Amino acid sequence: MTPPALAALASEGRQTLTSDQSLVQSVDWAALAPPAVAAVVALAVLVLDLFLEDRHKRLLGWVSAGGLAVAGLAIIPLVGENRTTFCLTEGSRACSYVADPFTLAIQLLVLGGAFVTALLSLTAVEEERLPAGEFWFLLLSSAAGAALLPASRDLATLVVALEVASLPAFALVGLRRGQRLSSEAALKFFLSSVTATAVMLLGVSFVYAATGSMHLDAVAEGLPAADSRLGTLAATGVALTLVGFAFKTAAAPFHFWVPETYVGAPLPVAAYLSVIGKAAGFSGLILVTVRAFPSYAGTWGPALAVLAALTMSVGNLAALRQRADRAHSAVRLLAWSSVAQAGYLLVPIASAAYADDPGRAVGATVAYALMYAVVNLGAFGVAAVVGRGVRSNRITDYRGLVDAHPFAALALGFFLLCLAGLPPGIIGLFAKVTVFDAAVDAGLGWLAVVMAVNVVIALVYYLKWTAILFRTGAGAGEGERVPGEPLMAGAGAPGGAGPVPVRFTVPLTVTVALTGVLALAVSGAPQLILRFADTTLF
Amino acid sequence: MHLAYPAVLAALLFCVGLYGVLARRNVILVLMSVELMLNAVNLNLVAFDVWLRDALHAGQALTLFVIAIAAAEIGIGLAIVLLVYRNRGSSDIDRLRDLRESEGPQGGSGGGSSDEASVTPATDNGPGPGPDPAGRQHA
Amino acid sequence: MNLAAGHPGFLSPTGVEIVFVLVGLATLGAALVTVTTKRLVHAALWLVAALGGVAVEYLLLTAEFIAWVQVLIYVGSVVVLLLFGLMLTKAPIVPPITRDDPSYAEVRAQATADADSGNRWIALAVALAAAATLVTVVVDAFRSTWIDLDESVAGSAKVTGVALFRHWVLPFEALSVLLLAALVGAIVLSKRRKGGER
C-alpha cells in the first residue's frame, strides 16, 4: 500500500543534520540567471518609472529591451552543462530547476521573442500613450515567468510559473483602457484562463494523490507503481492536467479566446501572446507528458494526436473564412493562422508517445517553434507598421504595399511564405518536413495525412495575402465586390485610395529587419534550428 | 477519518463551482464560482497531504500557493471587470458581443473608442441565446 | 484526555468524521446557494459561509496554518473585494421596500433578473455529469483508505514554515513576482486614464 511505503521513505528522509548538510536549498545563480535577470530588470524598470518625466519614458523601453537581451545572453554560459539548482536537501534530491538543453532552447525562444516584442512595442507604447512603466514591468515579469517554466521540474513550480507568465498578460491585453474591445478581450481571456487553471489544478491534486510527490521524475516513477485502486484516479488526473496547458497553447477546443483577444489587445501584446504564450503552453505540455506521464503515453498520445488534427483544421478553416475587408482582418487572420500553427506544434508531442526516445521526438516541436517565433513576430511587425498608417488594419489595406514600401512587402511576403512552408520560405518548408517526419516515424500515418491536407488548405490564404501585397496598379473596375463570398472577396474592390501610407519608425524598422535577417539566415543554414530535432533534449 | 469524505466533498464543491462558472451571467458571480473551484482543489490537496504523511508537505505548500494565486487573480479580475463596466455600462457576459466572429463586414465597432453614454446597469431580460459568448470550454 | 482545542486527540475518530460530514454538508449547501441565488449580495455572503466551512474542514484535518490563512485571505480579503466589485459595478440590489408595497414584485424581478444566463440547463447537465464522474472515480479509488489523524499535527505553522523554506523556495519566490504583477496590473487598469490616451 502506498501510504506506509511513503511513510517509510519519509522517515528515511528525516535524517539528523550533519555539518555538511544545509538547512535550505542551495542556489546556483548562474543557472537561474535567465529568468532572474528578467525579473530584476522588471523591478528596476518599475522603480525607474518613478523618477522619469513623461518625455523621457522612452528610455524605459530601451532599458527593458536591453535587459531582455542580457537575460538572453545569460543562457550562453549554461550551454552544454546540465546545471541544476533548488534541489531537495534530503530524500530523492530531486531538483526544481534544471537547465538542460530543452530548458535552454525554450528560454532562448522566450527571451528572444520577448526581446523582439519589446522592440515592436516601443512605438506602440508611445503612440497609444499606454502607461509606460507598467507596460514594461508587466511584459518583463511575464517573460520571466515564461522563462522559468521550461526549467521547472516539479508541478508546484510549473503551475506557479504558468501563472506568472499569464497574469501580467491579462493586464497587458486590457491596457488600452479607453477601448471597449480591449477590456472585453481582457475579460474573456481572463475568465477562460482562470477556469482552465482550476481544472488543471484538480488534475494535479489527483496525480499527487496517486504518486505521493510533485517532482516530475518522482511522478514518472510513481505512476506505474501506483496502487491498482488508484489507477482511474491517476488517469483522470493526467487528463485534467493536460487541459490547462492545452488551453494556453490554444489547442481546439480551447481556442475560442484567441481571435477576440488578439484583436482587442494592443498589437505587440497579440504578437507576444501568439509566440511566448504558446511557448509557455507547449513547453509545459512537453514537460508533463514526456517527463511526468510517460507511463500513460497510451492515453495522452492519441488524445494529443486528435487535438492536433482538430486544432490545425479548425484554425485553417476559420482562417479561410475571414473576409478581407472586415475591420482588423489582418490581425484576425494572423490569430487563426497561429491557432493552426499550434496544431502543427502539437504533432511531435503526440508522436513522442510512440517514440522510443520521447526526449528526441519533441525536438521537432522546439525546432518548429523557433522558426514560427521569428516569422510570426516579423509578420506582426509589418502588421504594426501598416496599422500605424491605417487604423482598421484590414487585409485590403495591404493591397499594393509593394508600391508604397517594397521593404515591408517583401518582408511580409517572405514571412507568409515561411509560415506556409513554400520556397523561398525554405526554413518553413524544412520545419514542416521535420514535424511531418516525426508523425510518420511514430506510425501516425493518419495525422500526417491530415497535416498535409491542412498545409495545402493554408496555402490558399497565405498565398492570397501575399498576392494582394504585390498587386500593383489598383483601380476601379478590377473586380466587383461580391458580399458574402468567403476569403478575400473584398480584395479586388474598387475604391482603394491609392497605396497605403506606411510610416516606419526606427524600432519597427529594426524589428522587421531583425526578424527578416534571422529568417533569411536560418533559411540559408537550416541546421541552426533543425539540430534541435536531432539531439536528445532531456 | 475515511479519505472519501474530503475527496467527495471536494469533487462536489468543484462541480458546484463549475455550474456557477457556466450558468452565471454576472461576471462577479462567475468569479465567486471560480473561487469555489479553487477551494475544492485546495481541500483535495490538504487531505491528500495529511493522508500521505508527506515529508515535503507538497500538498500544503501547493495549497498556500493556490491561495496566493487566487488572491492575485481576484485582484486583476476585479480590475478588469471595473474596466469593462466603465467602458460599457454593464457587467453582463451575454452582452459582450463586439468581438464575435460572426459580425458583418464592418465589425461591431471597428476599433472605435467612444464610451457609451449610458452607464445604467443591465436589467434587460434578454433570453441569452445560444452558446455563451465568453467561449468557455472545459474538459 | 487533553481537551485543549487543536490537540489531535480532542475528538474521537468517529467524532471527527461526524463533524466533518456535518460541516461538509453545510459548506456544500452554502455553495449551492451561492451559485443559484438571484440576489447578488446574498451570493457573496453565502460564499463567506462556504469558505468558512472549508476552513473548519482544514482544522479538522489538522492543517491549522492553512485554516487561518484561508480565513484571513479568502474570507477576509477576497470576499471583501468581491463585495466591492459588486457595489462598484452597481449590481442590482433589491431596495428596502416591504412586500406590501405594490411595486415589490416588479422591483424584485428587475433586481434579480440577470443573475443567470440562458444556458443554465446545459450548465446543470454538464455539472451533474462531471459530479457523477468525479464522485465515482474518487469513491472507487478511496474505498478503503483512511487518514491517520492521531499522529502529530500535520499543518502547524512551524511544520508548514519549515517545509516551505526548506523545499519550496523557488515557487515561493516566483509568487512574489506574481503578486507584484497583480498589484501593478490591478492599479494600472483601474487608474483614470490620462488625456490623449487611446
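Predicted model: local features only at pLDDT ≥ 70, side-chain atom pairs only at ≥ 80, totals over all residues.
Chain A, where I would like to begin, has 21 helices and two strands, where helices (H or I, at least four residues) and strands (E, at least two) are DSSP runs numbered from the N terminus. Residues are numbered from 1 along each chain as its sequence is written, and chains are lettered from A and ligands numbered from 1 in the order in which they are written.

Let me stay with chain A for its overall form. Its C-alpha trace spans about 85 × 60 × 45 Å along its principal axes. A compact globule of 538 residues would have a radius of gyration near 24 Å, and chain A, with 23 Å, agrees with that; the radius is taken over C-alpha atoms, and the globule rule is 2.2 Å times the number of residues to the power 0.38. Of these 538 residues, 65% count as buried, a residue being buried if 20 or more other C-beta atoms lie within 10 Å of its own, exposed if 12 or fewer, and partly exposed in between, with C-beta atoms placed from the backbone.

Now to one element, helix 15 of chain A. How far apart are the ends of helix 15? The 27 residues, 363-389, should span 39 Å at 1.5 Å a residue, and the end C-alpha atoms are 40 Å apart, which agrees; the expected span is 1.5 Å times one less than the number of residues. This helix is mostly covered, since 24 of its 27 residues are buried.

Within helix 15 of chain A we find A:Ala367, which is buried because 26 other C-beta atoms lie within 10 Å. Leaving aside residues up to four places away in sequence, A:Ala367 touches A:Ala431, A:Thr434, A:Ile529, A:Leu530, A:Phe532 and A:Ala533. A:Asp534, although 167 residues from A:Ala367 in sequence, is 9.6 Å away in space, C-alpha to C-alpha.

A:Ala367 also belongs to the largest nonpolar core, which has 342 residues, and is one of the six that touch the most other members, together with A:Ala38, A:Ala143, A:Met371, A:Leu447 and B:Ile80. Such a core is a set of buried Ala, Val, Leu, Ile, Met, Phe, Trp, Tyr and Cys residues joined through C-beta atoms within 7 Å.

Where chain C meets chain B, the contact takes 82 residues from chain C and 73 residues from chain B. Which helix of chain C gives the largest share of the side that touches chain B? That is helix 3 of chain C, with 12 residues. By class, this side of chain C has 58 nonpolar, 17 polar and seven charged residues, where Ala, Val, Leu, Ile, Met, Phe, Trp, Tyr, Cys and Pro count as nonpolar, Asp, Glu, Lys and Arg as charged, and the others, Gly among them, as polar.

Conventions:
Contact = placed C-beta atoms within 7 Å.
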